[in-house]
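Here is a briefing on the model shown below. It begins with the terms, then goes topic by topic.

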Amino acid sequence: MSLNSKKRAGATFELERGYRRMIVPAIIAVAIFAIVPLAGMLALSFSDYHLIRGSNGEFGFRNFIKLVNDKRLMNSVYVMAALSLFGVAAQVIIGTTVAVGLQKIVGKWRLGRVLFLIPYAVPHVAVALIWLSLFTPTLSPINAFFDLFGITVPSFLTSQYGAIFAIVVADTWTNFPFAMLIILAALQGISPDLDEAAALDGASRINTFIYITLPLLMPALLMVTLFRFIDSLKHFPMIFVMTKGGPGRSTQATNFYAYVQTFQNSNVAYGAAIAVLLFIVAAIISFYVARLNQRVSS
Amino acid sequence: MIDRSPEYRLKKAVGVTMMLVLLLFAAVPTLWALLLSVRTPDTIFEPIWESPLAVTLDNFFKITRSDFPSALMNSFITAGLSTFFSMLVGVPAGFALAKSRVSGKFIASWVLLLLRMAPPVGFVIPLFLAYVNAGLIDTYTGLVFAYMTLTLPLIVWSMWNSFSQVPDELIEAAIMDGASLGKAFLLVALPAARPGAVAAAILGFLVAWNDFFYALIITRSSTTTAPVAVMNFISYDSVDWASIAVASIALTLPILPLMAIANRYIVQSLSGAVKG
């Protein structure tokens, strides 16, 4: 090894040490603010801690055994699946439609895309409250409008499927612009030459979209779907504000059910066990997303 | 190629109609909130076409006499502080992750993603118990700490992404010229990644500003944030819809300029690939 390269190796070593020093504070902060609470959640999930009665110091798998036989948990998983499935599908379809439409608009009308972005800026509590007002029959302009024609719009929030529909609508309203933004960016990366070439070959616009544009959009669509799916596991403000999990338990998604068990039934240990379950799902999906990311960048 | 066949026109009409319907869907709730905010209390349940002139600005003055403005202030303070501290720790970390050859980058990216995706109910249960014991319930410190679980992973992830786009040669050249790593970071890399840093700070502020769940659990009356304080307009027997509309507007307005600045970075930082 020549002196020069030895020197360089030493310099690289110095440099790497400097880099590590820049990462350490973040690792400490993440450990304190995130890892410690998560370890706490895990510990609680094996305990018998109750907010009022405290703990008898028993540790074991009791909570997880209870989970398996919990009908309310199964119900909450179905609710979560329905909210995620319909919500994410609606957001991706509407987002893609609007993005494709907006991409064709050029000139001064381009500013119109701002109108589609506003719902994304509204905080979720405000989204929930605005849609709560729109789904309140005595107040809603939609009901008033249809009343003019003698049509009575049903009260969505008081029926099982209506309440799920209402939450899906509110969620879709505020989140389709996210899908739109990402699809729009992906569309801009697709060369217009491809469309033209297909048109010259006599392909119809719809066929061009299905066989050329859509496959090229797939990575973006996958990303949007995954991100929205993960967020939909965290449904809370809309359920809390619009339905409180009701009517009955028909909109009690799993995340909300964990809240109910912990803070309404004071059953902290059991709530933590439900949270652990959700956490495992998030861990699996985020692992997949991280792998996907790695592949995209290499 | 200009196509003006009837078939083309029909398709175009269908497309335009579809866009207009979707525009209606996007715009009506916002317009409705604006309308609610200026309706007089006694006409609020009447259709607008029956009393189109019953509008007032009183609702805006009324809300200034409630607790809502101080809750807005709390939101600004806690979202601002948690973003500030997360930037302080997260920006250098993002730089180092993007430029160094440390091992475990995949694990780091997984942990960062997981923390952003994990359901907050998992964090909030142990935090709540710890805060009750440490006397941190209903304090700024407690809320800022809780928000850092949201803002820090997001900011490290975004900055990792931004610094990856700064050419390695730029930093290598600065170090060749005798600059220390700290100087290369502050004087070369950071200015080059400034738009990304602005966007990361905005995104961090937005997640803290939008939070409802943490504030609901770990604050009481004195540090309650605006998203939780809005719920005070709903009482057991009545709902103050006009105030709710005003409050919703007050919650959204500060975000609009931030979104306008950050919007194209939102795309990058949410879906952008992290280069190893």
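Two residues are in contact if their C-beta atoms, placed from the backbone, lie within 7 Å. By that rule, nine residues of domain 1 of chain B are in contact with eleven residues of domain 2 of chain B. The model is predicted: local features need pLDDT of at least 70, side-chain atom pairs count only at pLDDT 80 or more, and totals for chains, interfaces and linings use all residues. Residues are numbered from 1 along each chain as its sequence is written, while chains are lettered from A and ligands numbered from 1 in the order in which they are written.

**Domains of chain B**

- The domain assignment of chain B gives domain 1 (6-59) and domain 2 (60-271); such bounds come from an automatic or database assignment.
- The centres of domain 1 and domain 2 of chain B, taken over C-alpha atoms, are 33 Å apart.
- Helix 1 (6-37) and helix 2 (58-64) of chain B are the elements that give two or more residues to the side of domain 1 that touches domain 2. Helices (H or I, at least four residues) and strands (E, at least two) are DSSP runs, numbered from the N terminus.
- Helix 1 of chain B supplies the largest share of that side, three residues.
- By class, that side of domain 1 of chain B has five nonpolar, two polar and two charged residues. Ala, Val, Leu, Ile, Met, Phe, Trp, Tyr, Cys and Pro count as nonpolar, Asp, Glu, Lys and Arg as charged, and the others, Gly among them, as polar.

**Interface between the chains**

- In the complex, 74 residues of chain B are in contact with 77 residues of chain A.
- Helix 1 of chain B gives the largest share of chain B's side, 13 residues.
- Chain B's side divides into 58 nonpolar, 13 polar and three charged residues.
- The predictor gives the complex an ipTM of 0.88 and a pTM of 0.88.

**Nonpolar core**

- A nonpolar core is a set of buried Ala, Val, Leu, Ile, Met, Phe, Trp, Tyr and Cys residues joined through C-beta atoms within 7 Å. A residue is buried if 20 or more other C-beta atoms lie within 10 Å of its own, exposed if 12 or fewer, and partly exposed in between.
- The largest nonpolar core has 169 residues; A:Ala128, A:Trp131, A:Ile167, A:Ile183, A:Met242 and A:Ala275 touch the most other members.
- Helix 7 (residues 160-188) of chain A gives this core its largest share, 16 residues.
- Domain 1 (6-59) and domain 2 (60-271) of chain B both give residues to this core, so it lies between them.
- Leaving out residues up to four places away in sequence, A:Ile183 touches A:Gly95, A:Thr96, A:Ala99, A:Leu217, A:Ala220 and A:Val224.

**Chain B overall**

- Chain B has 13 helices and zero strands.
- The radius of gyration of chain B is 24 Å, well over the 19 Å that the globule rule gives for 276 residues, so chain B is more spread out than a compact globule. This radius is taken over C-alpha atoms, and the globule rule is 2.2 Å times the number of residues to the power 0.38.
- The C-alpha atoms of chain B fill a box of roughly 75 × 75 × 30 Å along the principal axes.
- Buried residues make up 48% of chain B.
- Of the contacts in chain B with a separation of 6 or more, 80% join residues 24 or more positions apart.
- B:Leu88 is found in helix 3 of chain B. B:Leu88 is partly exposed, with 13 other C-beta atoms within 10 Å.
- B:Leu88 and B:Ile155 are 67 residues apart in sequence and 10.0 Å apart in space, C-alpha to C-alpha.

**Confidence in chain B**

- Chain B averages a pLDDT of 86, and 94% of its residues score at least 70. pLDDT is the predictor's confidence in each residue, from 0 to 100.
- Confidence is lowest in helix 13 (residues 255-271) of chain B, at a mean of 73, and highest in helix 3 (residues 68-99) of chain B, at 94.
- Over residues 272-276 of chain B, pLDDT stays under 50; the model has 14 contacts beyond four places in sequence for them.

**Chain A**

- Chain A has twelve helices and zero strands.
- The radius of gyration of chain A is 25 Å, whereas a compact globule of 298 residues would have one near 19 Å.
- Of the 298 residues of chain A, 40% count as buried.
- Eight of the eleven residues of helix 11 (residues 254-264) of chain A are buried, so this helix is largely enclosed by the rest of the structure.
- Just after helix 11 of chain A, A:Ser266 takes a positive phi of about 60°.
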